[in-house]
Each structure stands twice: as structure tokens, then as C-alpha cells.
Amino acid sequence: MVRPHSDRSAPARRYRAPVLILSLAVALVAAGTLTGHAAQRAKRTAGHAHTVIIEGMAFKPQVIVVHPGDRITWINKDLFPHTVTSTAGKFDSHPIDPDASWTYVARKPGEYDYVCTLHVTMKGRIEVR
Amino acid sequence: MMKRAVYLLGAVLGAGMALASAQGLPTDPQIAAIVVAANQVDINAGKLAEHKAHAADVRAFAKRMVTDHTGVNKAAVALVTKLHVTPEGNATAESLRQGGEQNIANLKTLKGAAFDKAYIDHEVTYHQAVLDAMDKALIPGAKNPELKALLVKVRPAFVDHLEHAKHIQSKLGGQ
């Protein structure tokens, strides 16, 4: 396909096909990401929202039962930071400051014990059914 | 009839308060001073230990004490300011403050494992003493419902810190 009389344009043509493929790939990835976000949004709206209050060195309620896709928000009403940390390494809020909150979407059915890594007496559990 | 009932109520309340002061229950301004002194003592010890302690879990505990007790003190100061309660010095607050100073002076003479042990031993005793004071004097003595509510709210923090300190104490003892 390379025409012998147009040496100068040859390199440009050689790049054209890969550039096209690359653009297509970028477009596909972008579309995929967008679809993923839209699906996630839809799933989030479909799930229920639950609240766990952290106060007086306790998670209230201590055990929360949710369905897959439900959102759980922990609100720290104490005077110092707390964490919501899975004992099995599934999730970790890192320190939540007083009056701040942290949200987690429970996806897989199961029982998930969690603790506050800063305070030894604080324990909670999420049951996803 | 109504007037008599009010007088009677007043007499009963008066007798109750007389009994309360006979038992040595502190007033709200005294409670405010005790709460601030109690937290400050543990913040000071924690500030020293978070740098000087040898074991990582002792340093982490000290850092936790500084953060948590600073949070409690900020809330206590904000509340008494809002309530226009002026903290009033008293024997309990003073003995807490003196005990804290003695503890710091002693800790400054120690290093390494000996420092860790002395700091943690004192933390166990201190949190137990503050819990006893809360249960026997501060919570029963608090008249203002918001002050009482704050004390009730922070009590579990002292329980948690005591458990945490005891846990470290048992580990240090086993070494």
C-alpha cells in the first residue's frame, strides 16, 4: 500500500491506523466507565439508606441488618474520632472526626464484624441478607 | 392547699440539698473545675508519654488520651461558658492537679520500659479514680441537666480508656 512517490506522507499514514484504534479504545473505555457509574448510581438509589450513630463509645444499633446494595452511614456524635474497621479487612473508614460521617455500600451477603481501632471496647456488626 | 404543697416541696428539696452537701456532693461550678482538671491532668501526661514512651502501643495509647481528653475538655468548656458557670476551685480539683504534677515529675525521671510501666500503672489508677468520682459525686451532684448529660455521655470514654490501659498493663507485666 505504501506508494513509492510519496515518502514524506508515509510516516503520517503509518500512524493513522493506530491512532484510530487508540481513539476508539479511549471512547469505549469512557463509555464503559460512564455505564458503570450510571449502573452504580441506579443501584444506590435502589438500595435503602441506614444510619448508625456513634455516641458514648458505642455503635447504635450495634448490629445492623441490611440488603445487598443498601447504604450505611455512620455519624460520629462523640467528642473525638472513631473508626469503622472490618475485623476481616473488608472495609475501613479511617478516623471519622466528631460530627463527620462515613458511608459504605454493603454488596455481598454475609456477616461482617467491625471495631473502632482507636477504642478497645467498641464493636459492631453488619449483617447483609 | 396549693401553697402548702409548694412549701412542703421546698422543705423536702431543701432537706435533700442539705443532705447532699452533708455528703459532700459538689456544686455545678465545682464539678466544672473538677472535669477540666481531670482532663488536663491526663492530657499533660499523654503529651509527655506520646514522645517519651518506649513501646509503640503505649505511645499510641498516650496519643489517644491527648485527643480524647482534649475533645472532652473542649465540650466541657463550651458548655460551662454557655451556661455561664464559672469553674470554682475545690479540694478534689486541687488534689487532681497536684497528683498530676507529681506523676509528671516522677515520669520525667524514668526511661524505656520503666517509664512505660509507671505511665500505664498511673493511667489505670487515674481512670479508675475518675470513674469512681463520676459515679459517686459528679453525676449525682450535677444539677444542670446539660452538665449531667455531658458527664453521662463521656463516662464510657473513661471505661474504654481504663480497659485499654489494663490491657496494655497486662501485656507489659507479661514481658
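Residues are numbered from 1 along each chain as its sequence is written, and chains are lettered from A in the order in which they are written. Because the model is predicted, local features need pLDDT of at least 70 and side-chain atom pairs count only at pLDDT 80 or more, while totals for chains, interfaces and linings use all residues.

## The two chains

Helices (H or I, at least four residues) and strands (E, at least two) are DSSP runs, numbered from the N terminus. Chain A has 1 helix and 8 strands, in the sequence order α-β-β-β-β-β-β-β-β. Chain B has 6 helices and 0 strands, so its pattern reads α-α-α-α-α-α.

A residue is buried if 20 or more other C-beta atoms lie within 10 Å of its own, exposed if 12 or fewer, and partly exposed in between, with C-beta atoms placed from the backbone. Two residues are in contact if their C-beta atoms, placed in that way, lie within 7 Å.

## Helix α6 of chain B

Helix α6 of chain B covers residues 145-173. The expected span of a helix is 1.5 Å times one less than its number of residues. For the 29 residues of α6(B) that gives 42 Å, and the end C-alpha atoms are 42 Å apart, which agrees.

α6(B) also bends by about 25 degrees at B:Val154, with a proline, B:Pro156, following within four residues. The bend at a residue is the angle between axes fitted to the seven residues ending there and the seven starting there.

Among the buried residues of α6(B) are B:Leu150, B:Val154, B:Phe158, B:Asp160, B:His161 and B:Ile168. Their cover comes from both chains: it includes β8 (119-128) of chain A, together with α2 (28-52), α3 (56-82) and α5 (112-141) of chain B.

## Helix pairs in chain B

Axes here are lines fitted to C-alpha atoms, for helices over the stretch in contact, and angles run from 0 to 180 degrees between N-to-C directions. Angles under 35 degrees count as roughly parallel, over 145 as roughly antiparallel, 65 to 115 as roughly perpendicular and the rest as oblique.

α3(B) and α6(B) pack at about 175 degrees, with their axes 11 Å apart, and are therefore roughly antiparallel. Residues making this contact include B:Phe61, B:Met65 and B:Leu79 of α3(B), and B:Leu147, B:Val154 and B:His164 of α6(B). By class, the contact holds 13 nonpolar, 2 polar and 3 charged residues. Ala, Val, Leu, Ile, Met, Phe, Trp, Tyr, Cys and Pro count as nonpolar, Asp, Glu, Lys and Arg as charged, and the others, Gly among them, as polar.

Helix α4 (residues 91-107) of chain B packs against α5(B) at about 170 degrees, again with axes 11 Å apart, which makes this pair roughly antiparallel. On the α4(B) side are B:Thr92, B:Asn103, B:Asn106 and B:Leu107, and they meet B:Phe115, B:Ala118, B:Tyr119, B:His122 and B:Ala133 of α5(B). These residues divide into 5 nonpolar, 4 polar and no charged.

## Where the chains meet

The contact between the chains takes 11 residues from chain A and 15 residues from chain B. On the side of chain A, β8(A) gives the most, with 3 residues. That side has 8 nonpolar, 3 polar and no charged residues.

## Backbone details

A few single residues deserve a look. The peptide bond from A:Lys60 to A:Pro61 is cis, with omega near 0 degrees. A:Pro61 sits in the loop between β2 (58-60) and β3 (63-66) of chain A.

A:Asp99 is not a glycine, yet its phi is positive, near 65 degrees. A:Asp99 lies in the loop between β5 (85-86) and β6 (101-105) of chain A and counts as exposed, with 10 C-beta neighbours inside 10 Å.

B:His84, also not a glycine, has a positive phi of about 60 degrees. B:His84 is in the loop between α3 and α4 of chain B, and is exposed, with 6 other C-beta atoms within 10 Å.
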